[in-house]
Amino acid sequence: MTEKAVYRRDFPWEGLSLVARVSLALIFLAAGLPKILDPRGFAQMIALYQILPDTLIHPAALILPWLEVLLALLLLFRIAYPGAVLLTNGLLLGFTLALAFNLYRGLDIACGCFSTRPEEASGDTLFYLLRDASFLLLSSWLFLDLLRKKS
């Protein structure tokens, strides 16, 4: 048996992937459900980013939460799993880049990740950036695990 095969067999790929997959599903459910219940508040949070044109703020506020919930369910139940992992990575990359862009511009805003009320969320953009980057690491792990299984 090769050294590479021993390494793969001994490494807890499946356990770590299960933790990452369930964690991301719960994170996306916790993030999406409050936004579905308060699309107007979420639209206000999106507007604070000062990235999207006004005409796209309300459509984004209506679509993004449902996408988060859909991705959570797809991840949780492993339905269309490779596509769900890819979309999750893309969404989290977009969120992370939006936070990094605002940090660069000096805008210290509440991220709108789990709350639709700016007054309930502190405006610590660096914290939100690091948190979203950690979510992106989890999602990237799932992507790398998919690539590992294909090889």
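## Basis of the description

Helices (H or I, at least four residues) and strands (E, at least two) are taken as DSSP runs and are numbered from the N terminus; on this scheme, aspartate 124 falls in the loop between H5 and H6. The structure is a predicted model, in which local features need pLDDT of at least 70 and side-chain atom pairs count only at pLDDT 80 or more, while totals for chains, interfaces and linings use all residues. Residues are numbered from 1 along each chain as its sequence is written, and side-chain values use heavy atoms, with hydrogens and water left out.

## Helices H5 and H6

Helix H5 (residues 81–105) packs on helix H6 (residues 125–150) at an angle of about 155°, with the two axes 9 Å apart; axes here are lines fitted to C-alpha atoms, for helices over the stretch in contact, and angles run from 0 to 180 degrees between N-to-C directions. H5 and H6 are therefore roughly antiparallel to each other, a term used for angles over 145 degrees. By class, their contact has 19 nonpolar, six polar and one charged residues, where Ala, Val, Leu, Ile, Met, Phe, Trp, Tyr, Cys and Pro count as nonpolar, Asp, Glu, Lys and Arg as charged, and the others, Gly among them, as polar.

The 25 residues of H5 reach 36 Å from the first C-alpha to the last, close to the 36 Å expected at 1.5 Å a residue, the expected span being 1.5 Å times one less than the number of residues. Among the buried residues of H5 are Tyr81, Leu91, Leu92 and Asn102, buried meaning under 20% relative accessible area with a 1.4 Å probe and protein chains only. The cover over the buried residues of H5 includes helix H2 (13–37), helix H4 (54–77) and H6.

Just after H5, glycine 106 takes a positive phi of about 85°. Further along, aspartate 124 is partly exposed, with a relative accessible area of 37%, a class that lies between buried and exposed, the latter being over 50%. Leaving aside neighbours within four places in sequence, aspartate 124 is in contact (heavy atoms within 4.5 Å) with Asp108 and Ile109.

## Helices H3 and H4

The axes of helix H3 (residues 39–48) and H4 cross at roughly 115° and come within 8 Å. On the H3 side the contact is made by Pro39, Phe42, Ala43, Ile46 and Ala47, and the residues of H4 that take part include Ile57, His58 and Pro65. The residues of this contact divide into eleven nonpolar, one polar and no charged.

How values were computed:
Angles under 35 degrees count as roughly parallel, over 145 as roughly antiparallel, 65 to 115 as roughly perpendicular and the rest as oblique.
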